[in-house]
Amino acid sequence: MPEDSGSARPTETRKLAAIMFTDIVGCSRQMGAGEARMLRLLDLHNQIIQQAVTEHHGTVIKTVGDAFLVDFPSVVHAVQCAQQVQAHFKAHNAEKEKAEQIHVRIGLHSGDIVQREGDVFGDGVNIASRLQELDAADTICFSDMVYRDVAKKLDLGTVVSLGPARS
């Protein structure tokens, strides 16, 4: 049966992209313990992430509270951005007392995404999100696909395999 050409469907496009998810560890708990302080730290966090994303040719798709969803045209740029973000927070935290520290988890994956109405969907996004949730504070968790793309191009430091994905 022919499709009804009069029905309005959202415009969508597909592309391959490197996806980065970031999240501040314990943000909700910290917000409850000191809202004004946490809002100030959140502003600093957002500034550091935005600057790194811009420098590495990324696009912020959206933010939700303390989380960023970013896409990059290059896996190398995505990893370099994540490394820069973690380096900034490591330097920040070294000079601050515990209550003033910002600890971030980052998940990276490369894959097919669907862009629709200013948002993104698909397995590429979902995998990056799940990787970020597996991550320990102050680290970057990336998929094997990302690792294979950048292992011979960048210094990744110590890499620990988490093994095959679990459902």
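Is Cys 81 buried or exposed? Cys 81 counts as buried, because its relative accessibility is 0%. This is a predicted model, and the legends below take it view by view.

**View 1. The cysteines Cys 81 and Cys 141 are both buried.** Cys 81 has 0% relative accessibility. Cys 141 has a relative accessible area of 9%. The cut-off for buried is under 20%, so Cys 141 falls on the buried side at 9%. Disulfides are absent: a search of the whole structure finds 0.

**View 2. Strands E2 and E3 run antiparallel.** Strand E2 covers residues 59-64. Strand E3 covers residues 67-72. The two strands are joined by 5 bridges. Lys 62 stands opposite Leu 69 of E3. The hairpin of E2 and E3 has 2 residues between the strands. In this hairpin, Gly 65 takes a positive phi near 60°.

**View 3. Val 70 is a buried residue of strand E3.** Its relative accessible area is 0%, and buried means under 20%, so Val 70 counts as buried. Beyond four places in sequence, Val 70 touches Ala 18, Ile 19 and Met 20, among others. Its contacts also include Val 53 and Gly 58. Thr 59, Val 60 and Ile 61 are touched by Val 70 too. Val 120 is 50 residues from Val 70 along the chain. The C-alpha atoms of Val 70 and Val 120 are separated by 9.8 Å.

**View 4. Asp 119 makes a side-chain polar contact with Lys 62.** Asp 119 sits in strand E5, residues 119-121. The contact between the side chains of Asp 119 and Lys 62 spans 3.1 Å. Leaving out residues up to four places away in sequence, Asp 119 touches Ile 61, Lys 62, Leu 69 and Val 114.

View 5. Asp 23 belongs to strand E1, residues 12-24. Beyond four places in sequence, Asp 23 is in contact with Asp 66 and Ala 67, among others. Further contacts of Asp 23 include His 103, Val 104 and Arg 105. Gln 132 is also in contact with Asp 23.

Terms used: Residues are numbered from 1 along each chain as its sequence is written. This is a predicted model: local features need pLDDT of at least 70, side-chain atom pairs count only at pLDDT 80 or more; totals for chains, interfaces and linings use all residues. Side-chain values use heavy atoms; hydrogens and water are left out. A disulfide is a pair of cysteine sulfur atoms within 2.5 Å. Buried means under 20% relative accessible area, exposed over 50%, partly exposed in between (1.4 Å probe, protein chains only). Helices (H or I, at least four residues) and strands (E, at least two) are DSSP runs, numbered from the N terminus. A polar contact is a pair of N or O atoms within 3.5 Å; within protein, one must be able to donate a hydrogen and the other to accept it, and residues adjacent in sequence count only if both atoms are side-chain atoms. Contact means heavy atoms within 4.5 Å. Two strands pair if DSSP finds at least two bridges between them.
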